[in-house]
2 protein chains.
Amino acid sequence: MTPVQASACCRPIDDLLDPELFKALSDPTRSRLLGCLVKCGCACTVSDVGECCAVDLSVVSRHLSLLERAGVVQSSKTGRTVHYVVDYAHLCRTMRAIADAIEQCCPAEQLPGCARGCCGAR
Amino acid sequence: MTPVQASACCRPIDDLLDPELFKALSDPTRSRLLGCLVKCGCACTVSDVGECCAVDLSVVSRHLSLLERAGVVQSSKTGRTVHYVVDYAHLCRTMRAIADAIEQCCPAEQLPGCARGCCGAR
DNA sequence: TGCGTACTTGCACCATAATGCAAATATACT
DNA sequence: AGTATATTTGCATTATGGTGCAAGTACGCA
């Protein structure tokens, strides 16, 4: 593998393994809120989503806005209510991109002795 | 959508949105260590992986064992050295499974008025 | 048996983040 | 204008987690 090839196949990894996205999904309460939102399959208000968790509404509000900053959900305000929707397309695209990048960077068979040294890692 | 269909398409979501996995990927140092391991493309010792980060070796050790508990990497001990490898297959499978589950649970078009009520979630 | 290497664990410290309550903001309704 | 509802923000508290150092363990080697 030439340096050019290596750089082409491995560069995306660092961008895709974005800690911010995973951090957004790493909290149990947020995970539950997101699951609720996913299963609902439509735009839900903050209060609606809050019903699936035994936490204060202010906590729900903060979690949802954090999920939005991470690009997992989108919000739209109509009047005094805020509706949240899962950004399905973005989420699916990202998950698949990670899988693709890892596969492209790392073939199924392990090379012996770290002979590859892709991207100058190591 | 019948309850049976809903339950079939949505049940996997809760399991797949496992906070433990995402927590493992949510720390910048761990992300970097994993990226290093991915790009290396072969089994690396703890010391080797540690060279890509300016943290104490004990920190590297802890991070790698955490990644292993999360199912992201696998370790094998030979003598006094421990080799870590990325569990590419598992990682890719999980990422794609999440994308698949979300897509199956939630069609591209939003249903109006929360008429769906999939899985009893609001 | 003694020493060096590879890694792990205990511990203390510090930073970050989750939470609930109360207050503030924004908007609708009368 | 005044009141009720939906959400957000400030603040204090608490919990969680990352880090380094030092000590401990496990193993290889002479």
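H3(A) and H5(A) are roughly perpendicular to each other, a label used for angles of 65 to 115 degrees, where under 35 degrees counts as roughly parallel, over 145 as roughly antiparallel and the rest as oblique. The model is predicted, so local features need pLDDT of at least 70 and side-chain atom pairs count only at pLDDT 80 or more, while totals for chains, interfaces and linings use all residues. Residues are numbered from 1 along each chain as its sequence is written, chains are lettered from A and ligands numbered from 1 in the order in which they are written, and side-chain values use heavy atoms, with hydrogens and water left out.

Start with that helix pair. Two packed helices are described by the angle between their axes and the distance between the axes. For H3(A) and H5(A), the angle is about 75 degrees and the axes are 10 Å apart. Axes here are lines fitted to C-alpha atoms, for helices over the stretch in contact, and angles run from 0 to 180 degrees between N-to-C directions. H3(A) brings Thr29(A), Arg30(A), Leu33(A), Leu34(A) and Leu37(A) to the contact. H5(A) answers with Val60(A), His63(A), Leu64(A), Leu66(A) and Leu67(A). Contact means heavy atoms within 4.5 Å. By class, this contact of H3(A) with H5(A) has seven nonpolar residues, two polar and one charged. Ala, Val, Leu, Ile, Met, Phe, Trp, Tyr, Cys and Pro count as nonpolar, Asp, Glu, Lys and Arg as charged, and the others, Gly among them, as polar. Helices (H or I, at least four residues) and strands (E, at least two) are DSSP runs, numbered from the N terminus.

Now turn to DNA strand C. It is surrounded by 24 residues, where near means that a heavy atom of the residue lies within 4 Å. The closest are Arg62(A), His63(A), Ser47(B), Ser61(B) and Arg80(B). Chain A supplies at least two residues from each of helix H3 (28-40) and H5. The surface near DNA strand C holds six nonpolar, nine polar and nine charged residues. Of the atoms of DNA strand C within 4 Å of the protein, 66% belong to sugar or phosphate and the rest to bases.

A polar side-chain atom of Arg30(A) sits 2.8 Å from a phosphate oxygen of DNA strand C.

DNA strand D comes next. Of the 24 residues around it, Ser47(A), Ser61(A), Arg30(B), Arg62(B) and His63(B) come nearest. H4, H5 and S3 of chain A, with H3 and H5 of chain B, each supply at least two residues of this surface. Its classes are seven nonpolar, nine polar and eight charged. Sugar or phosphate accounts for 63% of the atoms of DNA strand D within 4 Å of the protein. Backbone atoms take part here. A polar backbone atom of Val46(A) is 3.3 Å from a phosphate oxygen of DNA strand D. A backbone N or O atom of Asp56(B) lies 2.8 Å from a phosphate oxygen. Thr29(B) uses a side-chain N or O atom, 2.8 Å from a phosphate oxygen of DNA strand D.

The sheet of chain B remains. Its three strands form an open sheet in the order S1-S3-S2, with antiparallel pairing. S1 (44-45) and S2 of chain B stand at the edges with a single partner strand each, so one side of each has no neighbour in the sheet. Strands pair if DSSP finds at least two bridges between them. S1(B) and S3(B) are joined by two bridges, and Thr45(B) has His83(B) as its bridge partner. S2 (residues 73-78) of chain B and S3(B) are joined by six. Thr78(B) stands opposite Thr81(B). Their hairpin has two residues between the strands, and Gly79(B) takes a positive phi near 70 degrees. H3(B) lies across S1, S2 and S3 of chain B, at about 85 degrees to S3(B).

Methods: A polar contact is a pair of N or O atoms within 3.5 Å; within protein, one must be able to donate a hydrogen and the other to accept it, and residues adjacent in sequence count only if both atoms are side-chain atoms.
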